[in-house]
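Visitor: Please take a close look at one part of this model for me, and set it in its surroundings.

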Amino acid sequence: MKLAVFVSDFKLASDTLDRLKADKLGIIFVANGVYHATTKENGKASHLLEKTPNLYAMSEDIQTRGMKDADVDKRVRVVNYGDVVDLIFNEYDKTAWL
Amino acid sequence: MATLTIGCFPGLVGNMTYDFALKLAEAAVNKGHKVNIWFSGNAVGSVKAHQKHLKDYSTGEKHLKALIEKGVEICTCEACTVARGIQKPEGIEKVQWNAMHWYLAKIHASDRVLQIGGE
């Protein structure tokens, strides 16, 4: 199964995400979830960035929070809503929202 | 063209995930896809007509009407809606009112499903 998980929260998503298994896992950071892609705590990036090489973050949600696309970790691809539609239909079979 | 069904369960006005659902629906329909939206829980409040659109404060009515004009099917959970004191004559025109079987039928007929929120 190719699974795309929308992570919309900065603190509460990790436990559930750890339990999800997929042949291909994608993580799409949206809303407050984009802090995973932009913010380091105690000098360390979010451990979610180690879960999969398929990482995406919503540009609009980054900018809404006063950050820039350039603030995003290099492992994460910045996407817009149109890109997310293409990911849903072309890259993944199932979606989940956390 | 493929079909995307979005189940939207969180609250309405000012809710970030509600805004996400509508923007994703718009992006999908603009790419030529068929989109269905099911409102349940507190999201059903968004189908009430005559919402006041305040500056810098997101509301659904204008957005919902625009999506309907583009062919998006929007349905509210009738039980959730009347339970919150909203009657059908007060609703936005062309929004459908139905029961959970509408959502299940759309899920069954869709290529992709995204359910947002819920307790």
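Visitor: What percentage of the 119 residues of chain B count as buried? After that, please go closely through the open sheet of chain A.

Guide: Of the 119 residues in chain B, 39% are buried; a residue is called buried if 20 or more other C-beta atoms lie within 10 Å of its own, exposed if 12 or fewer do, and partly exposed in between, with C-beta atoms placed from the backbone. This is a predicted model, in which local features need pLDDT of at least 70 and side-chain atom pairs count only at pLDDT 80 or more, while totals for chains, interfaces and linings use all residues. Residues are numbered from 1 along each chain as its sequence is written, and chains are lettered from A and ligands numbered from 1 in the order in which they are written.

The rest of chain B can be described briefly. Chain B has four helices and five strands, arranged from the N terminus as β-α-β-α-β-α-β-α-β. Helices (H or I, at least four residues) and strands (E, at least two) are DSSP runs, numbered from the N terminus. Of the contacts in chain B with a separation of 6 or more, 73% are between residues 24 or more positions apart; two residues are in contact if their C-beta atoms, placed from the backbone, lie within 7 Å.

Strand β1 (residues 3-8) of chain B is mostly covered, with five of its six residues buried. Two strands are said to pair if DSSP finds at least two bridges between them. β1(B) pairs in the parallel sense with strand β2 (residues 34-39) of chain B over six bridges, and B:T3 stands opposite B:K34 there. Five bridges also join β1(B) to β5(B), again running parallel; B:L4 has B:R112 as its bridge partner in β5(B).

Chain B also touches chain A, through 17 residues from chain B and eleven residues from chain A. On the chain B side, α1 (16-30) and β5 (112-116) are the elements that give two or more residues. α1(B) gives the most, with seven residues. By class, this side of chain B has ten nonpolar, three polar and four charged residues; Ala, Val, Leu, Ile, Met, Phe, Trp, Tyr, Cys and Pro count as nonpolar, Asp, Glu, Lys and Arg as charged, and the others, Gly among them, as polar.

Now to chain A, where the requested sheet lies. Chain A has four helices and seven strands, in the order β-α-β-α-β-β-β-α-β-α-β from the N terminus. Its radius of gyration is 12 Å, close to the 13 Å that the globule rule gives for 98 residues, so chain A is as compact as a globular protein of that length. The radius of gyration is taken over C-alpha atoms, and the globule rule is 2.2 Å times the number of residues to the power 0.38. Buried residues make up 37% of the 98 residues of chain A.

The open sheet of chain A is formed by five strands in the order β6-β5-β2-β1-β7, with parallel pairing. β6 (76-79) and β7 (94-97) of chain A stand at the edges with a single partner strand each, so one side of each has no neighbour in the sheet. From one strand to the next, the twist averages 25 degrees; axes are lines fitted to C-alpha atoms, for helices over the stretch in contact, and angles run from 0 to 180 degrees between N-to-C directions.

Strand β1 (residues 2-7) of chain A is joined to β7(A) by four bridges, and the two run parallel. A:V5 stands opposite A:A96 in β7(A). α4(A) packs on this sheet, touching β1, β2 (24-29), β5 (54-58), β6 and β7 of chain A, and its direction makes about 165 degrees with that of β2(A).

In helix α4 (residues 81-91) of chain A, A:V84, A:V85 and A:I88 are buried. These residues lie on the same side of α4(A) because they cover an arc of only 105 degrees around the axis, the arc being that of the directions from the helix axis to the C-beta atoms.

A:M1 is exposed, with 11 other C-beta atoms within 10 Å. Leaving aside neighbours within four places in sequence, A:M1 is in contact with A:A22, A:D23, A:D93 and A:K94. The C-alpha atoms of A:M1 and A:T95 are separated by 10 Å, although these residues are 94 residues apart along the chain.
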